[in-house]
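Please look over the chain below. The report that follows walks through helices, cores and salt bridges.

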Amino acid sequence: MQPSTSPSPHSSELRQAVRHLDRRRLLTFTGAAVTVALTAALPLGGTAAAAEGNSAQIGENPFTLGVASGDPLPDSVLLWTRLAPQPYESDSGLPQKRFKVRWELAHDARFTRVTRRGSVDAHPEFNHAVHVEVDGLDADRVFYYRFRVGQWISPVGRTRTAPVNGARLTELRLAAVSCQAYHDGYFTAYRHLADEDLDAVFHLGDYLYEYAVTATGGARAYTDRVLPEVFNRETLTLEDYRLRYALYKSDPDLMAAHAAHPFVVTWDDHETENNYADGTPENDVPQEEFLLRRASAYRAYWENQPLRRRQLPHGPDAQLYRRIQFGRLAQFDILDTRQYRSDQAYGDGWQVPGPDSQDPARTMTGATQERWLIDGWRASKATWNVVPQQVTFAQRKDRATADFKVSMDSWDGYAASRQRLLDGWESANRDNLLVLTGDVHVHYAFDIKKDFDNPTSKTLGTEIVTSSITSGKDGSDKPSNWDTYMQANPHLKFYNGRRGYALVTLGKDTARTDFKTVPAVTTPGAPVTTAASFITEAGNPGLTPA
């Protein structure tokens, strides 16, 4: 783990909190005791836990973090904002009171045809975030939304409902994004993404990083501002994570992307801590202490993302895996490959695979999520079965010789778990498996093979790996290991090391992927180009250049 540039004052606070908890309850992951330790109790039974504030007294713009929407359903949209007149302060510039926030949903961006309106309380217990689930809407419609509090009106957001589950669509356009380390550069790719014509954006993890951000914003090298010292340390507590989300979400390019498209989000490791596995931290700290940290991270994640109430964490636990349908064209099974996984074998990193990494008892998803996924495939009536998830699914050797190594953090480190899914896919007798992946800060295009060690074996599906928004800084079109990787992995059809995102257009007969790249993120304003495009034919898995 990259060390913080400033010593953290929080370890003693966490240890003191742990002393007031029941050890057995923590270790059994009930989560209730951890929630108590977070000091921010939840409003119970829909009643207000705090006195109501006077919205007219909010003297600064409270919508500094923008607006967002997510998880579109055929009859419902989820709208999000968070009140933060002073987003870089621990209290966001608001007293510990609840504020009434009004919302509107309209058919047009000028709000001449408002279809729904209402109000919701922004509670201090949730850091004044609001999540509005608007139900009873027409399917497959575009809507515009905004919020009001006191004299202030938020930016306008655009969202949509999904088609009804049986609808026969001709096309669906989506983007896959991941890995946006603030300290590694500007979110230029998001500015371009905001201009795309999309139905949804799938964020595959590492929305924020726990690492310290210097006063000049790391590689952004600010000369026109000085970031507060509070960011120049690793995130450990609930306040740390809340403030770090404020930093990220105040970025204008990220705000533009959220306002333009509904997001479907899932986390990876850095939203909590690098390469953690279930209840096992990366570093040598007591598990109780790590679970407090995880509870804080999960709580802040929900507060700052367009997620529905059912994803609200309970202490260090949250069910983030879920299913979204877009008519009969696509079923999306969004996975969580971090919260339930076995610890990485052989101490993590790149290692020679062996009995430990190939142990059938090892799991990437946990047994319950694994059954849910395979059962979902068996019941699917969709043309395309899409699995948005975090880490590289296909085999990825680092060299073509017999002494090759693979990543213990990816599915290569959980070979039996991967094989159970591939067996489940074949037994489901469905067509058109498409895995969407982030994590590795490069673009990859893989054929998913029945036997990765036999290039002539049956192709079962395709994997599209999107590069990072910023993580890894500028990158290069052809990384130094490009020749080695292409030789060692004949099922790897494309490899590019620039920053960017992947556009995927699903049709009745084909799926097209356009890999978008920007030449630099350490300076703002770079243009976007299409590095490569590939086609997968329905019923004929495998990638061909477009």
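## Basis of the model

This is a predicted model, in which local features need pLDDT of at least 70, side-chain atom pairs count only at pLDDT 80 or more, and totals for chains, interfaces and linings use all residues. Residues are numbered from 1 along each chain as its sequence is written, and side-chain values use heavy atoms, with hydrogens and water left out.

Helices (H or I, at least four residues) and strands (E, at least two) are DSSP runs, numbered from the N terminus. Buried means under 20% relative accessible area, exposed over 50%, and partly exposed in between (1.4 Å probe, protein chains only).

## Helix H8

H8 spans residues 367–379, 13 residues in total. Its first and last C-alpha atoms lie 18 Å apart, close to the 18 Å expected at 1.5 Å a residue. The expected span is 1.5 Å times one less than the number of residues.

Which residues of H8 are buried? They are Gln-369, Glu-370, Leu-373, Ile-374, Gly-376 and Trp-377. They sit on the same side of H8, because they cover an arc of only 155 degrees around the axis. That arc is taken from the directions from the helix axis to the C-beta atoms. The buried residues of H8 pack against strands E12 (322–326), E13 (330–334), E15 (384–388) and E17 (433–437), and against helix H9 (415–428). Contact here means heavy atoms within 4.5 Å.

## Helix H9

H9 has 14 residues. From first C-alpha to last it reaches 20 Å, close to the 20 Å expected at 1.5 Å a residue. Its buried residues are Ala-416, Ser-417, Arg-418, Leu-421, Leu-422, Gly-424, Trp-425 and Ala-428.

Those buried residues pack against H8, E15 and E17. They also pack against strands E18 (443–449) and E19 (459–465). Asn-429 follows H9 and has a positive phi, near 55 degrees.

## Nonpolar cores

A nonpolar core is a set of buried Ala, Val, Leu, Ile, Met, Phe, Trp, Tyr and Cys residues joined through side-chain atoms within 4.5 Å. The largest one holds 47 residues, and Tyr-182, Tyr-190 and Leu-193 touch the most other members. Elements giving two or more residues to this core include strand E9 (171–177), helix H4 (188–194), helix H5 (238–249) and strand E21 (492–507). Helix H7 (287–303) is also among them. H7 supplies the largest share, 7 residues.

Tyr-182 has contacts beyond four places away in sequence, among them Phe-187, Val-213, Arg-220, Tyr-222, Leu-247 and Thr-470. A second, separate core has 31 residues, including Ala-167, Leu-169, Leu-172 and Ala-445.

## Salt bridges

The structure holds 34 salt bridges. Each is a side-chain nitrogen of Lys or Arg within 4 Å of a carboxyl oxygen of Asp or Glu. Arg-338 forms one with Asp-268, with the closest N and O atoms 2.9 Å apart. Arg-338 lies in the loop between E13 and strand E14 (350–351) and Asp-268 in the loop between E11 and H7, so the pair ties together parts that are 70 residues apart in sequence. Arg-338 is buried at 0% relative accessibility. Asp-268 is buried at 1%. Arg-338 also meets Asp-409 in a salt bridge (3.0 Å, N to O). Asp-409 sits in the loop between E16 and H9, 71 residues from Arg-338. Asp-409 is buried, as is Arg-338.

Lys-450 pairs with Glu-426, the closest N and O atoms being 2.6 Å apart. This pair links the loop between E18 and E19 to helix H9, 24 residues apart. Lys-450 is partly exposed at 41% relative accessibility, and Glu-426 is partly exposed at 28%. Elsewhere, Glu-52, Arg-98, Lys-100 and Asp-121 are linked in a network of salt bridges.

## Two loop residues

Ala-394 is found in the loop between E15 and strand E16 (406–407). Is Ala-394 buried or exposed? Ala-394 is buried, with a relative accessible area of 0%. Leaving out residues up to four places away in sequence, Ala-394 touches Asp-412, Arg-418, Phe-446, Phe-452, Glu-463 and His-491. Ala-394 and Ala-415 are 21 residues apart in sequence and 10.0 Å apart in space, C-alpha to C-alpha.

Lys-397 is in the loop between E15 and E16. Lys-397 is buried, at 15% relative accessible area.
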